[in-house]
Amino acid sequence: VLLLVNASCVTMGDAKKNNDELKTSMEELRLSAANNTQALEELKAENEKLKGEIEKLNFTIKQREESFDVRLLALEAKMNADAKVLAKNEEVAAPSQDILSIDIDKRYKAARKFHEDSNFDEAERYYRSIIGCPSKWYEEKAMYYLGLMYYDKKEHERSVVTLQDFVDKYPSSKNLPSAIYVQGESLSAMNKAEEAKLFFEDLVNRFPNSKEARDAKKRLKK
């Protein structure tokens, strides 16, 4: 009888031990499942993050492609207009020594005054007397306003070309948004709607907070 009782105790003890081990295993499985769920959620979050980065990268690539297209179109416009520009430039007398002997600040102010008074031939002579001078501040202004002057004269091809020279030489100028906008307007006036659209879109992408970008958005709607 004693042996049977002992055997029964052993069996019940083993069962309890096995039950405890089973509970432990189940708890470990539950924790493992929870960890796997958390890891899965983290992987999903990382995947969404990567998708966002890929979308940003694709957007940047698209912007650069559009910017490249704009530069190509500007180059094409420049090449097509070069002969006309050169021929037209020959009609304008080179700055005389009298003009070149004038202080550059006075020359610049005279050019602006002639421009404002619509005396375009004299304005062009004075602007051109500044282009190529050692002072980059005056040259930058002269190139920019010369491009605007051609637009005012409705010489739109010359405006696009001159302003593109300005954009290429002074890419950090505060007048860059204005120059790109006027190029778009010049192309629009030449009935080159698709080219004008690219310039306006480039302006909106590169300078979204500028006044010119707001104007460009209105032009794009039209």
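R112 is located in helix α3 (helices are DSSP runs of H or I with at least four residues, strands are E runs of at least two, and both are numbered from the N terminus). The structure is a predicted model in which local features need pLDDT of at least 70 and side-chain atom pairs count only at pLDDT 80 or more, while totals for chains, interfaces and linings use all residues. Residues are numbered from 1 along each chain as its sequence is written, and side-chain values use heavy atoms, with hydrogens and water left out. R112 has a relative accessible area of 18% and is therefore buried (buried means under 20% relative accessible area, exposed over 50%, and partly exposed in between, with a 1.4 Å probe and protein chains only). When residues up to four places away in sequence are not counted, R112 touches Y127 and Y145 (contact means heavy atoms within 4.5 Å).

The protein chain contains nine helices and zero strands, and its elements run α-α-α-α-α-α-α-α-α from the N terminus on. Of its 222 residues, 32% count as buried. Among contacts in the protein chain with a separation of 6 or more, 54% are accounted for by residues 24 or more positions apart.

Helix α3 packs with α5 at an angle of about 15 degrees, and the two axes are 11 Å apart (axes are lines fitted to C-alpha atoms, for helices over the stretch in contact, and angles run from 0 to 180 degrees between N-to-C directions). The two helices α3 and α5 are therefore roughly parallel to each other (angles under 35 degrees count as roughly parallel, over 145 as roughly antiparallel, 65 to 115 as roughly perpendicular and the rest as oblique). Their crossing is left-handed (the near helix is turned anticlockwise from the far one by less than a right angle; clockwise would be right-handed). On the α3 side, I104, D105, Y108, R112 and H115 take part, and they meet W137, Y138, K141, Y145, L148, M149 and D152 in α5. By class, this contact of α3 with α5 has seven nonpolar, one polar and four charged residues (Ala, Val, Leu, Ile, Met, Phe, Trp, Tyr, Cys and Pro count as nonpolar, Asp, Glu, Lys and Arg as charged, and the others, Gly among them, as polar).

Helix α5 (residues 136-152) also packs with helix α7 (residues 176-189), at an angle of about 25 degrees and with the axes 11 Å apart. This makes α5 roughly parallel to α7. The crossing of α5 and α7 is left-handed. Here Y144, L148 and Y151 in α5 meet S178, A179, V182, E185 and S186 in α7. The classes in the contact of α5 with α7 are five nonpolar, two polar and one charged residues.

Eight aromatic pairs are present in the structure (rings of Phe, Tyr and Trp, the last by its six-membered ring, pair if their centres lie within 6.5 Å; planes under 30 degrees apart count as stacked, over 60 as edge-to-face and the rest as tilted). The ring centres of F114 and Y126 are 5.3 Å apart with planes at 50 degrees, so this pair is tilted. F114 lies in helix α3 (residues 104-116) and Y126 in helix α4 (residues 120-130), so the pair ties together parts that are twelve residues apart in sequence. F114 is partly exposed, with a relative accessible area of 24%, whereas Y126 is buried at 12%. F166 and Y170 form another tilted pair, at 6.2 Å centre to centre and 35 degrees between the planes. Both F166 and Y170 are buried. Ring pairs link Y144, Y145, F166 and Y170 into a cluster.
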